[in-house]
Amino acid sequence: MVNIVHINLNARGGSERLALAVIRALKEDNDMDIDIDLTTLQKPDVHKIEETYGKTGLMAVRNINRVNIIPSIENVQLKKKYDLTINTHGDMFPFSQKDFSKDNAITYCHFPLAKYLIDVENEEYARLMYGQRFSDMVECKKHLHLARNAYIDMIRNSTVLTNSEYSRKAIYKTFKIDSTVLSPPVDVDLFRKAVLFSSMNKRDDTILVISRFHPSKKVENAIRLVELLKQKGIGPSMKIVGNLSPHMIGYYSYLRQMVQDQDLSDYVTFHVNVSFNKLLSLMSKSKVYFHPLPGEPFGISTVEAMSAGLIPVVPDLGGHTEFVPLRYQFCNFIEAMESIAVAMDASFSERISISDSVERFSTSNYIRRFQQIVKKLLLSATKTNYKNIKSVSPIVS
């Protein structure tokens with residue numbers, strides 16, 4: 001019995017895609033007859049998940065036997081004892097149990113973000129983890145202290161996987177714990193078939209941004225870049241695509257106001273909560289993908305765009321620097337503008353080459369490698385249990 005731990009599958013971002021791929025990996029291996037439970041803060045919305053991830057996402061959710069809805073991370077007492085617990089949201093979710101070990105727990109830590117949020121006493125993070133508002137900062141700090149201890153225990157007492165060398169170094173710097181790099185799954189074949197070879201050279205001079213609308217994603221950097229692009233006459237449009245949750249309406253309004261104040265409404269358009277087919281359509285009409293966030297731990301949307309034949313232009317800090325060509329990395333907006341101008345003129349053969357370069361991040365490769373890791377852990381746990389049984393002295397009657 002395996003327990004998948006994730007804050008909320010309804011967020012439908014990169015970490016949610018990874019969680020669904022983990023479920024597929026466990027169910028598709030004929031050598032492992034595994035039942036799967038999910039522990040989460042919110043019940044999965046099957047319709048939304050299918051809308052975003054298609055039939056593969058729907059099938060993954062249907063392979064969940066039981067959903068454990070917990071109100072917060074405080075004093076979690078689960079009724080079942082699991083052979084293996086897999087936290088697919090280990091960047092944010094400090095889920096720890098007393099019996100955790102490197103043999104029975106896996107933490108996929110995209111980046112040790114929770115530790116930083118706790119250290120700066122982020123109230124929004126505290127409310128998310130504990131499902132409540134606090135009467136004063138003293139109470140908030142008390143709960144954050146508990147979350148810090150749980151997070152450290154989780155990292156130290158589990159097998160830690162991460163998405164890039166960039167993140168692996170950050171985890172080691174923070175906890176002095178080594179981790180294994182297992183790049184997250186991307187449906188590269190789907191994007192190649194649906195976009196790359198269908199669009200050929202019929203793309204517009206459009207720049208595409210794909211990002212959840214959240215302040216941590218620094219979407220405003222894309223708008224600041226457009227001011228320069230418009231002045232230089234580079235590209236006629238930028239389309240910003242992403243999911244928007246109700247509590248981020250204020251941030252979305254701020255972005256729209258930026259566009260209006262800078263007189264960029266003829267250049268920038270927003271596309272909110274679009275269907276997957278609509279996303280594919282937008283990709284097929286775009287030439288360049290722009291990533292606004294420096295320090296992105298990996299960049300799943302970057303790999304998706306590259307798979308689809310878009311030329312990526314990304315900051316020169318983060319996990320995406322490990323696979324994006326150096327000439328398309330930038331350290332300031334001037335360099336970003338120059339890279340975009342070059343990317344607009346990229347040939348179709350270069351787009352194919354860019355797409356070919358990220359085939360190693362395919363979902364099938366991820367599933368195969370993850371299955372190998374799980375089998376190794378289960379085998380190690382079996383050997384440990386066998387040794388423990390042998391070490392018990394027999395009862396003499």
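Analyst: Helices (H or I, at least four residues) and strands (E, at least two) are DSSP runs, numbered from the N terminus. This is a predicted model, in which local features need pLDDT of at least 70 and side-chain atom pairs count only at pLDDT 80 or more, while totals for chains, interfaces and linings use all residues. Residues are numbered from 1 along each chain as its sequence is written, and side-chain values use heavy atoms, with hydrogens and water left out.

The element in question is H1, which contributes four residues to the lining of the largest cavity. A cavity is a set of points on a 1 Å grid over the protein atoms alone where a 1.4 Å probe fits but cannot get out, and its lining residues have an atom within 4 Å of a point. The volume of the largest cavity is about 110 Å³ (the space filled by probe spheres set on grid points joined across faces, edges and corners). Its lining is made up of Arg17, Leu20, Ala21, Arg24, Tyr53, Thr56, Gly57, Pro185, Asp187 and Thr363. Two or more of these residues come from H1 and likewise from helix H2, which spans 46-62. By class, the lining of the largest cavity holds four nonpolar, three polar and three charged residues (Ala, Val, Leu, Ile, Met, Phe, Trp, Tyr, Cys and Pro count as nonpolar, Asp, Glu, Lys and Arg as charged, and the others, Gly among them, as polar).

Arg12 belongs to the loop between E1 and H1, whereas Glu51 lies in helix H2, so that the pair links distant parts of the chain, 39 residues apart. In total, 16 salt bridges are counted.

Seven strands form an open sheet with parallel pairing, in the order E3-E2-E1-E4-E5-E6-E7 (two strands pair if DSSP finds at least two bridges between them). Strand E3 (66-69) and strand E7 (180-181) are its edges; each has a single partner strand, so one side of each is left without a neighbour in the sheet. Two bridges join E7 to strand E6 (residues 159-162) in the parallel sense, and Thr162 faces Val181 of E7. On this sheet packs helix H1, residues 14-28, touching strands E1 (2-5), E2 (36-40), E4 (84-87) and E5 (105-108), and its direction makes about 170° with that of E1. Contact here means heavy atoms within 4.5 Å, and the angle, on a scale from 0 to 180 degrees, is taken between N-to-C directions of axes fitted to C-alpha atoms, for helices over the stretch in contact.

The lining of the second largest cavity comprises five nonpolar and three polar residues, with no charged ones.

Notes:
1 Å grid on protein atoms, 1.4 Å probe; cavity = no way out; pocket = protein on both sides within 12 Å on 5 of 7 lines; lining within 4 Å. Salt bridge = Lys/Arg side-chain N within 4 Å of Asp/Glu carboxyl O.
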